[in-house]
Amino acid sequence: LEVEYVQPHEDAAQSEQLARRLAQLKCNVMLTQGLPATRAAHAGAAQTPRVFVIGSDPVALGLVATLQRPGGNATGYVAPAHEIAVKQLSLLRELAPAARRVALVFQAGNASMLLTADCVETAARPLGIAVRRYPLQGWQDVEALPSALSREPVDGLLVMLDRLTYDYRAEIVQMVNGLRLHTVYGSRFFIEAGGLVSFGIDGPALMAGGADYVARILDGAKPVELPVQQSTRFDLVVNRRSARTLGVTIPQAVLLQATEVVE
């Protein structure tokens, strides 16, 4: 069994190059993680059986016809973006019950994150919460984040997980902690950098599901026969060490839900 790893790109021109490269690969199945690589494979290798692992709705993105009947040469495992967004917002409300203005930080131009942002705003509307979007293009926007949040004060913060926020997670956490904002992050990676609370998919479990589908396709199954699966395993991680440093009290209800508490 030969395995070739190809690094995805967020840049449109580089994604087109990736699509052309994937079209030239002669392989039995492709496994893609994240939306840029999945879209590149969809565009450049439509005839190759493909398994994707992504955090957004593949139907809305045009990757499959339906979850139960993918209808093409691709299937995979996905995280339910709306369910996650609702839970993250709910956690933020438990941390800051009086919150009425929430900032949403994510990578600009990332289609998956834009869908997630729409989900957050939909969930926030009936709660009377105003959501302000802070899309980040690169380091300059990350560096300017404290100033932007100071100009338009908010009561809490949601930081999504994408390639850019992951790359600058330590800097983002340091800046947010400096502002002493109640913050819910999209992954435990931010907790490892000193963040307060995170809620997101169980990444290893999602990838294990994708790997299982790859094995089944190599054994003769076709993607059209394999329904797209939605992840049902999530991580809620609470950093009590950071809470003490920030002078924040974590409600008992949140602690009881946690899959892990960092002391």
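## Close-up views of a predicted model

View A. Ser-242 belongs to helix 10, which spans residues 240–246. When residues up to four places away in sequence are not counted, Ser-242 touches Gly-194, Gly-195 and Leu-196.

**View B. Strand 2 and its two partners.** Strand 2 covers residues 50–54, and five of its five residues are buried. Strand 1, made of residues 30–33, runs parallel to strand 2 and is joined to it by four bridges. Within this pairing, Met-30 has Arg-50 of strand 2 as its bridge partner. Strand 2 also runs parallel to strand 3 (residues 74–78), and five bridges join these two strands. Here the bridge partner of Val-51 is Thr-75 in strand 3.

**View C. The side chains of strand 2.** In a regular strand, side chains alternate between the two faces of the sheet. Which residues of strand 2 point one way, and which the other way? Arg-50, Phe-52 and Ile-54 point one way, while Val-51 and Val-53 point the other way. The residues on both sides are buried.

**View D. The unit formed by strand 1, helix 2 and strand 2.** Helix 2 comprises residues 35–44. Together with strand 1 and strand 2, helix 2 makes a β-α-β unit, and this unit is right-handed.

View F. Strand 4 is mostly covered, with six of its seven residues buried. Seven bridges link strand 4 to strand 5 in the parallel sense. In this pairing, Leu-104 stands opposite Arg-133 of strand 5. The chain passes from strand 4 through helix 4 to strand 5, in a β-α-β crossover that is right-handed. Strand 4 also runs parallel to strand 6, to which four bridges join it. Val-105 stands opposite Val-159 in strand 6.

**View G. The pairing of strand 7 with strand 8.** Strand 8 consists of residues 197–201 and pairs with strand 7 in the parallel sense over two bridges. Tyr-185 stands opposite Ser-198 in strand 8. In general, the strands of a sheet pair through backbone hydrogen bonds, either parallel or antiparallel.

View H. Ala-96 lies in the loop between helix 3 (81–95) and strand 4 (101–107). Is Ala-96 buried or exposed? Ala-96 counts as buried because its relative accessibility is 10%. Leaving aside neighbours within four places in sequence, Ala-96 is in contact with Asp-155 and His-182. Gly-156 is 60 residues away from Ala-96 along the chain, yet the C-alpha atoms of these two residues are separated by 7.2 Å.

View I. Arg-180 is placed in the loop between helix 7 (169–179) and strand 7 (182–185). Although Arg-180 is not a glycine, it has a positive phi of about 55 degrees.

**View J. Two cysteines, Cys-27 and Cys-119.** Cys-27 has a relative accessible area of 33% and is therefore partly exposed. Cys-119, in contrast, counts as buried because its relative accessibility is 16%. How many disulfides does a search of the whole structure find? The search finds zero.

Technical notes: Residues numbered from 1 in each chain as written. Predicted model: local features only at pLDDT ≥ 70, side-chain atom pairs only at ≥ 80, totals over all residues. Heavy atoms only, no water. Buried < 20%, exposed > 50% of the residue type's maximum accessible area, 1.4 Å probe, protein only. Pairing = 2+ DSSP bridges. Right-handed = clockwise from strand over helix to strand, strands pointing away. Disulfide = S-S within 2.5 Å. Contact = heavy atoms within 4.5 Å.
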